[in-house]
Amino acid sequence: MKPRTLPGLLTLCLTALCLAGCKSAPPPSYKMTTPIAPQITTPSVVDTRIGQLSFFDGVPLPDTAQKVYDNLDFLRGVEAFLNGIPGASLVALRSALREAGAVGSTVGVFESLMDSKSLFLTANTETVYFWNWMDLKDGPVVVETPPNILGVVDDFWFRYVIDLGNAGPDRGKGGKYLFVPPGYTGALPATGYHIVKSPTFGNLLFGRAFMKNGDPRPGVASLKASLRVYPLSQTNAPPATQFIDLSGRVMNTIHANDITFYQEVNQIIQEEPAGVYGPDMTGLFASIGIRKGQPFAPDAHMTKILTDAVAVGNATARAIDFANRDKAVLIYPDRHWNTPFIGGSYEWLNDGARNFDARTMFFYAATVDTPAMAVAMPGIGSQYAAANYDSAGRPFDGAKTYRLRVPANVPVKDFWSVVLYDTQTRSMLQTDQPFPSLSSEKDLLKNADGSVDLYFGPIAPAGQEKNWVQTIPGKSWLTIFRLYGPLEPWFDKSWKLNDIEETDRK
């Protein structure tokens with residue numbers, strides 16, 4: 001017979017005491033005894049979803065204490081995943097930008113647009129993207145913007161810092177921005193710049209220039225002529241801003257969905273000022289061993305717990321993203337189009353409360369946070385409607401054919417588009433078509449009433465090749481309808497999108 005260890009013997013003894021106590025008479029009454037409400041006491045044995053928990057007069061027995069601590073580590077691991085998605089996503093994006101060389105005074109531009117070879121969360125195919133990783137550790141950085149762009153800077157936790165261009169303080173005329181790192185005490189210019197203080201050293205500089213008559217070259221030329229990124233310390237003789245073409249490049253910017261996810265979050269914790277994500281979130285990460293100035297090295301027991309936690313966290317994020325239970329996600333109560341900004345807040349706030357599920361829903365499927373995408377700004381910025389289900393409430397099946405009838409007079413100042421995405425990577429669907437999308441800037445076939453029928457399926461219906469996006473049998477997909485320069489009928493819902501319907505048209 002295997003000998004008992006001391007903790008094991010202690011557990012047996014306490015269990016025996018517990019059982020004995022259960023059978024004994026109630027404790028006697030004393031001079032100071034008062035009635036004790038049953039709801040404030042703990043029974044000797046409690047059956048829960050994590051198993052049976054045992055106590056001696058309210059004191060957890062050793063096996064119970066270990067069980068609840070394992071559960072606590074698991075719960076915090078799940079929450080660390082859900083709340084760490086924005087930062088981990090930006091770590092992955094930074095890694096890809098560094099590999100491409102789009103850092104410092106070098107800007108990456110998708111000169112012939114982004115195609116489906118690159119893995120970017122729900123990117124579009126209709127605007128000229130530019131990307132740059134802006135690091136402020138060596139001091140303030142100047143960004144000179146060209147006219148007529150939509151740009152934004154987000155910090156390393158993907159929190160909004162400032163808009164540039166049409167939705168920014170330069171109002172689309174172009175301007176000079178000076179980005180100042182946390183804790184900076186040096187002198188700053190008194191005039192000539194929009195001065196912006198970022199809470200983190202690492203920042204994403206992102207933006208979109210626009211095509212002209214379907215041609216990206218004018219937008220690219222404008223970026224190369226006027227976009228500049230350089231250190232403030234070199235203002236008198238700034239280095240030339242270089243541009244690299246990212247079109248056609250294979251890039252993976254998607255965060256991990258396994259235990260290496262926590263290593264991605266750890267990068268930010270180690271590099272940025274302590275507590276920059278707030279004491280509660282910083283404490284959450286610290287509770288599972290991610291602490292500034294210390295290695296993240298979970299032992300075998302904790303690794304097993306966190307491996308389980310990230311799996312459940314990923315499943316939770318997918319449920320929130322694809323099967324959200326909040327009715328406020330619906331743009332129309334009788335249709336299946338969802339808003340990525342529940343409540344119309346780019347901070348996912350409502351009466352001072354953070355809607356964590358809404359934030360998770362956005363960042364699991366998308367990147368870049370700005371009020372220009374969330375707040376009603378008729379004629380400026382962009383608006384989004386996502387669909388994960390067809391008109392019958394079923395996930396899209398790549399083996400079937402579907403139709404989206406876009407009503408006439410889409411309320412946009414600029415244009416509208418539809419892009420299809422892979423539900424696994426949340427990136428563009430990779431088929432024989434480099435651009436799995438359609439837009440009002442293309443030569444689409446129109447119906448007599450001005451509406452447009454778009455088709456999604458493995459084979460184009462006869463005569464509808466111009467209006468068709470290819471899908472893959474055996475795979476699902478999702479779509480986003482974008483409005484650039486959305487107008488009032490979109491916001492007041494006097495113009496509505498139809499649901500996507502399964503069709504037998506061949």
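Q: Which residue just after α5 takes a positive phi?
A: G289, with a phi of about 100 degrees. The helix α5 itself spans residues 279–287, helices being DSSP runs (H or I) of at least four residues, and strands (E) of at least two, numbered from the N terminus.

Q: What kind of model is this, and how are its residues numbered?
A: This is a predicted model, in which local features need pLDDT of at least 70 and side-chain atom pairs count only at pLDDT 80 or more, while totals for chains, interfaces and linings use all residues. Residues are numbered from 1 along each chain as its sequence is written, and side-chain values use heavy atoms, with hydrogens and water left out.

Q: Why is S437 called buried?
A: Its relative accessible area is 4%. Buried means under 20% (exposed is over 50%, partly exposed in between, with a 1.4 Å probe and protein chains only), so S437 qualifies. S437 lies in strand β20, residues 437–439.

Q: What makes the pair of S437 and E126 a polar contact?
A: Their side chains come to 3.0 Å. The definition asks for a pair of N or O atoms within 3.5 Å; within protein, one must be able to donate a hydrogen and the other to accept it, and residues adjacent in sequence count only if both atoms are side-chain atoms. The 3.0 Å value therefore falls within the cut-off.

Q: Which residues does S437 touch, leaving out those up to four places away in sequence?
A: They are T125, E126, V418, V419, K442 and V469, where contact means heavy atoms within 4.5 Å.

Q: Which residues of α5 are buried, and what covers them?
A: The buried ones are M281, L284, F285 and A286. Their cover includes α2, α4 and α7 (356–365).

Q: Why is the pair of K137 and E271 called a salt bridge?
A: The closest N and O atoms are 3.8 Å apart. A salt bridge is a side-chain nitrogen of Lys or Arg within 4 Å of a carboxyl oxygen of Asp or Glu, so this pair meets the definition.

Q: How much area do domain 1 and domain 2 bury between them?
A: About 1900 Å², 75% of it on carbon and sulfur atoms. Buried area is the accessible area (1.4 Å probe) that two parts lose on being put together, summed over both. L90, L97 and E272 supply 29% of what domain 1 buries against domain 2, more than any other three residues.
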